[in-house]
Amino acid sequence: DPAWSYDGSRIAFTSERVNGLRQVFVMNADGSDQQFWTRGYAVEYEPYWSPEGDVLAVVASINDAPGEIFLRTGEGEDNTTLFDRQKRLGGVDDLAWSSDGKYFAYTRTKSGHKEIAIVEVESRGTLIFLLTNSLNNKEPDWSPDNMWIVFTSTQNQNSDIYIMDAAGGQVTQLTTDEAIDKEPAWQP
(Lines give C-alpha, C1' and ligand atoms only; values in the text may rest on other atoms or scores of the structure.)
Protein backbone atom coordinates (compact mmCIF):
# COMPACT_ATOMS: atom_id res chain seq x y z
CA ASP A 1 0.00 0.00 0.00
CA PRO A 2 2.52 2.70 -0.96
CA ALA A 3 1.31 6.31 -0.90
CA TRP A 4 3.33 9.27 -2.13
CA SER A 5 3.05 12.59 -0.33
CA TYR A 6 1.70 15.27 -2.68
CA ASP A 7 5.06 17.03 -2.82
CA GLY A 8 6.84 13.75 -3.68
CA SER A 9 9.22 13.92 -0.73
CA ARG A 10 7.87 11.00 1.36
CA ILE A 11 6.27 7.61 0.94
CA ALA A 12 3.99 5.95 3.47
CA PHE A 13 3.67 2.19 3.11
CA THR A 14 2.43 -0.96 4.81
CA SER A 15 4.81 -3.68 5.99
CA GLU A 16 4.66 -6.76 8.21
CA ARG A 17 8.33 -6.48 9.22
CA VAL A 18 7.89 -5.72 12.94
CA ASN A 19 5.48 -8.31 14.34
CA GLY A 20 3.85 -10.03 11.36
CA LEU A 21 0.90 -7.59 11.33
CA ARG A 22 0.30 -5.01 8.59
CA GLN A 23 1.56 -1.71 9.96
CA VAL A 24 2.45 1.71 8.56
CA PHE A 25 5.92 3.12 7.94
CA VAL A 26 7.07 6.41 6.44
CA MET A 27 10.31 7.07 4.58
CA ASN A 28 11.93 9.70 2.42
CA ALA A 29 11.46 9.23 -1.33
CA ASP A 30 15.02 7.88 -1.64
CA GLY A 31 14.32 5.15 0.97
CA SER A 32 16.20 6.85 3.81
CA ASP A 33 14.93 7.70 7.30
CA GLN A 34 12.38 4.86 7.58
CA GLN A 35 10.08 5.45 10.55
CA PHE A 36 7.62 3.06 12.18
CA TRP A 37 4.36 5.04 12.55
CA THR A 38 2.05 2.35 13.95
CA ARG A 39 1.87 1.95 17.69
CA GLY A 40 0.25 -0.82 19.70
CA TYR A 41 -1.11 -4.02 18.21
CA ALA A 42 -3.56 -2.68 15.63
CA VAL A 43 -3.43 -3.77 12.02
CA GLU A 44 -2.93 -0.58 10.00
CA TYR A 45 -2.94 -0.23 6.23
CA GLU A 46 -4.06 1.94 3.30
CA PRO A 47 -2.06 5.04 4.29
CA TYR A 48 -3.01 8.20 2.42
CA TRP A 49 -1.44 11.66 2.78
CA SER A 50 -3.46 14.84 3.16
CA PRO A 51 -2.94 17.27 0.28
CA GLU A 52 -0.92 19.50 2.64
CA GLY A 53 1.28 16.53 3.56
CA ASP A 54 1.03 17.08 7.30
CA VAL A 55 -1.58 14.40 8.11
CA LEU A 56 -1.57 10.71 7.25
CA ALA A 57 -4.91 8.89 7.19
CA VAL A 58 -4.77 5.14 7.79
CA VAL A 59 -7.27 2.32 8.11
CA ALA A 60 -6.89 0.45 11.39
CA SER A 61 -8.48 -2.71 12.71
CA ILE A 62 -8.12 -3.85 16.29
CA ASN A 63 -8.80 -7.54 17.08
CA ASP A 64 -10.27 -8.16 13.60
CA ALA A 65 -12.94 -5.46 14.05
CA PRO A 66 -14.14 -3.58 10.94
CA GLY A 67 -11.63 -1.00 9.73
CA GLU A 68 -11.82 2.58 10.94
CA ILE A 69 -10.09 5.76 9.78
CA PHE A 70 -7.40 7.20 12.02
CA LEU A 71 -5.54 10.45 11.38
CA ARG A 72 -1.85 10.72 12.30
CA THR A 73 0.08 13.96 12.55
CA GLY A 74 3.41 12.28 13.21
CA GLU A 75 5.14 9.23 14.52
CA GLY A 76 3.73 7.86 17.77
CA GLU A 77 0.45 7.07 19.47
CA ASP A 78 0.05 10.56 20.97
CA ASN A 79 -0.42 12.02 17.49
CA THR A 80 -3.36 9.78 16.49
CA THR A 81 -7.06 10.73 16.26
CA LEU A 82 -10.04 8.49 15.50
CA PHE A 83 -11.84 10.11 12.54
CA ASP A 84 -15.42 8.93 13.28
CA ARG A 85 -16.10 8.43 16.99
CA GLN A 86 -19.73 7.45 16.31
CA LYS A 87 -18.81 4.52 14.00
CA ARG A 88 -21.17 5.65 11.22
CA LEU A 89 -18.88 4.82 8.30
CA GLY A 90 -19.28 1.04 8.31
CA GLY A 91 -16.21 -1.12 7.82
CA VAL A 92 -13.61 1.01 6.02
CA ASP A 93 -11.17 -0.27 3.41
CA ASP A 94 -9.41 1.11 0.30
CA LEU A 95 -9.09 4.68 1.55
CA ALA A 96 -8.45 7.57 -0.90
CA TRP A 97 -8.23 11.27 0.02
CA SER A 98 -9.41 13.81 -2.58
CA SER A 99 -6.68 16.19 -3.75
CA ASP A 100 -8.64 19.20 -2.44
CA GLY A 101 -8.71 17.57 1.01
CA LYS A 102 -12.51 17.74 1.30
CA TYR A 103 -13.48 14.06 0.99
CA PHE A 104 -12.41 10.51 1.65
CA ALA A 105 -13.59 7.89 -0.82
CA TYR A 106 -13.56 4.37 0.58
CA THR A 107 -14.94 0.88 0.33
CA ARG A 108 -17.78 0.57 2.83
CA THR A 109 -18.46 -2.95 4.06
CA LYS A 110 -21.76 -3.44 5.80
CA SER A 111 -23.61 -6.75 6.20
CA GLY A 112 -21.07 -8.35 3.85
CA HIS A 113 -21.76 -5.90 1.01
CA LYS A 114 -18.97 -3.73 -0.40
CA GLU A 115 -19.93 -0.36 -1.82
CA ILE A 116 -18.14 2.90 -2.68
CA ALA A 117 -18.90 5.78 -0.33
CA ILE A 118 -17.50 9.23 0.24
CA VAL A 119 -17.45 11.15 3.49
CA GLU A 120 -16.84 14.85 3.96
CA VAL A 121 -13.62 15.19 5.98
CA GLU A 122 -14.76 18.28 7.87
CA SER A 123 -17.94 16.49 9.03
CA ARG A 124 -15.92 13.75 10.77
CA GLY A 125 -18.37 11.09 9.58
CA THR A 126 -21.73 12.84 9.70
CA LEU A 127 -21.98 13.50 5.93
CA ILE A 128 -21.65 10.13 4.18
CA PHE A 129 -22.74 9.58 0.58
CA LEU A 130 -23.17 6.04 -0.75
CA LEU A 131 -22.26 6.15 -4.46
CA THR A 132 -22.86 2.54 -5.57
CA ASN A 133 -25.46 -0.11 -4.88
CA SER A 134 -24.59 -3.38 -6.60
CA LEU A 135 -23.01 -5.51 -3.85
CA ASN A 136 -19.32 -5.67 -4.72
CA ASN A 137 -17.66 -2.36 -5.52
CA LYS A 138 -14.28 -1.49 -4.08
CA GLU A 139 -10.87 0.18 -4.47
CA PRO A 140 -11.91 3.77 -5.33
CA ASP A 141 -9.39 6.35 -6.47
CA TRP A 142 -10.01 10.04 -7.17
CA SER A 143 -9.07 11.68 -10.46
CA PRO A 144 -6.55 14.51 -9.98
CA ASP A 145 -9.33 17.09 -10.53
CA ASN A 146 -11.69 15.27 -8.06
CA MET A 147 -14.44 15.05 -10.69
CA TRP A 148 -14.24 11.27 -11.22
CA ILE A 149 -13.74 8.11 -9.20
CA VAL A 150 -12.32 4.96 -10.74
CA PHE A 151 -13.09 1.67 -8.96
CA THR A 152 -13.25 -2.12 -9.20
CA SER A 153 -16.62 -3.86 -9.48
CA THR A 154 -18.03 -7.32 -10.09
CA GLN A 155 -21.50 -6.02 -10.97
CA ASN A 156 -21.37 -7.99 -14.23
CA GLN A 157 -20.02 -11.16 -12.52
CA ASN A 158 -16.41 -10.39 -13.53
CA SER A 159 -13.86 -8.15 -11.82
CA ASP A 160 -13.59 -5.07 -14.05
CA ILE A 161 -12.64 -1.40 -13.79
CA TYR A 162 -15.37 1.25 -13.85
CA ILE A 163 -15.49 5.03 -13.65
CA MET A 164 -18.19 7.33 -12.26
CA ASP A 165 -18.53 11.00 -11.52
CA ALA A 166 -17.95 12.13 -7.94
CA ALA A 167 -21.70 12.07 -7.26
CA GLY A 168 -22.02 8.41 -8.28
CA GLY A 169 -23.51 9.08 -11.74
CA GLN A 170 -22.34 8.42 -15.28
CA VAL A 171 -21.06 4.93 -14.38
CA THR A 172 -19.04 3.50 -17.29
CA GLN A 173 -17.33 0.13 -17.53
CA LEU A 174 -13.73 0.58 -18.76
CA THR A 175 -12.50 -3.04 -19.02
CA THR A 176 -14.41 -5.98 -20.47
CA ASP A 177 -12.03 -8.91 -20.88
CA GLU A 178 -12.37 -12.16 -18.91
CA ALA A 179 -9.21 -11.55 -16.87
CA ILE A 180 -9.44 -10.13 -13.35
CA ASP A 181 -8.96 -6.37 -13.45
CA LYS A 182 -8.52 -4.59 -10.12
CA GLU A 183 -6.77 -1.88 -8.08
CA PRO A 184 -7.09 1.05 -10.51
CA ALA A 185 -5.05 4.22 -9.99
CA TRP A 186 -4.95 7.57 -11.75
CA GLN A 187 -1.90 8.91 -13.51
CA PRO A 188 -0.87 12.25 -11.93
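1. Seven aromatic pairs are counted in this predicted model, taking rings of Phe, Tyr and Trp (its six-membered ring) as paired if their centres lie within 6.5 Å, with planes under 30 degrees apart stacked, over 60 edge-to-face and the rest tilted. As a predicted model, it is held to pLDDT of at least 70 for local features and 80 or more for side-chain atom pairs, while totals for chains, interfaces and linings use all residues. Residues are numbered from 1 along each chain as its sequence is written, and side-chain values use heavy atoms, without hydrogens and water.

2. Phe83 and Phe104 form an edge-to-face pair, because their ring centres are 5.2 Å apart and their planes stand at 85°. Phe83 is in the loop between β8 (80-82) and β9, and Phe104 is in strand β10, so the pair ties together parts 21 residues apart in sequence. Strands (E, at least two residues) are DSSP runs, numbered from the N terminus. Phe83 counts as buried at 1% relative accessibility, and Phe104 is buried at 0%; buried means under 20% relative accessible area (1.4 Å probe, protein chains only).

3. The rings of Phe151 and Tyr162 are stacked, with centres 5.8 Å apart and planes at 25°. This pair ties strand β14, which holds Phe151, to strand β15, which holds Tyr162. Both Phe151 and Tyr162 are buried.

4. Ring pairs also link Phe13, Phe25 and Phe36 into a cluster. Arg17 lies over the face of Phe25, 4.6 Å from the ring centre. Likewise, the charged end of Arg22 sits over the ring of Tyr45, 3.9 Å from its centre. The criterion is CZ of Arg or NZ of Lys within 6 Å of the ring centre and within 35 degrees of the ring normal.

5. The largest nonpolar core has 28 residues, of which Ile69, Leu71, Phe83, Trp97 and Phe104 touch the most other members. A nonpolar core is a set of buried Ala, Val, Leu, Ile, Met, Phe, Trp, Tyr and Cys residues joined through side-chain atoms within 4.5 Å. Apart from this core lies another, of 11 residues, among them Val58, Ala60, Phe70 and Leu82. Leaving out residues up to four places away in sequence, Phe104 touches residues including Ala57, Leu95, Ile118 and Trp142, with contact meaning heavy atoms within 4.5 Å.

6. The lining of the largest pocket comprises 31 residues, with Pro2, Tyr48, Asp141, Ala185 and Trp186 nearest its centre. β9 gives the most to this lining, with five residues.

How values were computed
Buried < 20%, exposed > 50% of the residue type's maximum accessible area, 1.4 Å probe, protein only. Helix = DSSP H or I, 4+ residues; strand = E, 2+ residues; numbered from the N terminus. 1 Å grid on protein atoms, 1.4 Å probe; cavity = no way out; pocket = protein on both sides within 12 Å on 5 of 7 lines; lining within 4 Å.
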